[in-house]
Amino acid sequence: MSTIAGNLQAVEATIQAACSSAGRDRKEVQLLAVSKTFPAEAVVEAMAAGQRAFGENYLQEAVDKMAEVARLQPGVPLSWHFIGPIQSNKTRPIAASFDWVHTVERLKIAQRLSEQRPPERGPLDICLQVNISGEASKSGAAEAELPELARQVAALPNLRLRGLMAIPEASNDPAQQRVAFARLRRLFEDLKAGGLALDTLSMGMSGDLAAAVAEGATIVRIGSAIFGARHYEQ
Ligand SMILES: *Cc1c(COP(=O)(O)O)cnc(C)c1O
């Protein structure tokens, strides 16, 4: 078995254990394999082990990789999720190439994605990124702005607002990890109570996957636990 296939099995076992101790159905949690900085061959290896959803942070790297994967393994339907910071001059290729975007934090970006989404691709699935750690992170919408932003984004024609995403401040303490995820879940429940039809909580990475599943994650974004340590940052 390849290293990546073995790592995927180990991650799968962690997700199953976390689901069962939380009393959740395994089907409620989708594994997004974060392939940033790894080559198309690594994606193909994960595909051979059955993985079909991949997350990328850097637009040009992602677009090149998608083409290379399609050349190496033609005809396998994959779902590509953009999970990196979005510059407003890069929204067109993001809207054209991806199935999901997890990192929308401003209305202007959402408006551009909606305008630029090719009609034949159907609505683009969206999560709003929330800054749940306050000053610790500069990314994400402020909690106070969230209800208004969510209402506005949900009204855009070529997007489908699915839920919320966050990257909490890193912590090795599972109890502390859960506090941050519980906070995101609470914001999610409040938006649903306010009438928005949301179904996605994108939270949990290699170091805090179990805590995220315990607090209700429906998509976990796992990179290094599947592909190994990243050797460069862009
Ligand atoms: C890189 C990245 C991940 C994966 O992180 P790991 O710790 O390698 O699992 C998840 N989400 C986002 C937004 C990332 O940028």
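Trainee: How many aromatic pairs does the rule give for this structure?
Mentor: This is a predicted model, in which local features need pLDDT of at least 70, side-chain atom pairs count only at pLDDT 80 or more, and totals for chains, interfaces and linings use all residues. Residues are numbered from 1 along each chain as its sequence is written, and side-chain values use heavy atoms, without hydrogens and water. Rings of Phe, Tyr and Trp (its six-membered ring) pair if their centres lie within 6.5 Å. By this rule, the number of aromatic pairs is three.

Trainee: Why is the pair of Phe 38 and Phe 227 stacked?
Mentor: Planes under 30 degrees apart count as stacked, over 60 as edge-to-face and the rest as tilted. The ring centres of Phe 38 and Phe 227 are 5.4 Å apart, and the pair is stacked because the planes stand at 25 degrees.

Trainee: How many residues apart are Phe 38 and Phe 227?
Mentor: Phe 38 belongs to the loop between β1 (30–34) and α2 (40–48). Phe 227 belongs to helix α9 (residues 224–227), and the pair links distant parts of the chain, 189 residues apart.

Trainee: Which residue has a side-chain N or O atom 2.8 Å from an oxygen atom of the ligand?
Mentor: A polar contact here is a pair of N or O atoms within 3.5 Å. For Gly 223, a backbone N or O atom lies 2.8 Å from a ligand oxygen. The side-chain atom at 2.8 Å from a ligand oxygen belongs to Arg 230.

Trainee: How much of the ligand does the protein bury?
Mentor: Accessible areas come from the Shrake-Rupley method with a 1.4 Å probe. Taken alone, the ligand exposes 390 Å², and the buried share is 90%.

Methods:
A polar contact is a pair of N or O atoms within 3.5 Å; within protein, one must be able to donate a hydrogen and the other to accept it, and residues adjacent in sequence count only if both atoms are side-chain atoms. Helices (H or I, at least four residues) and strands (E, at least two) are DSSP runs, numbered from the N terminus.
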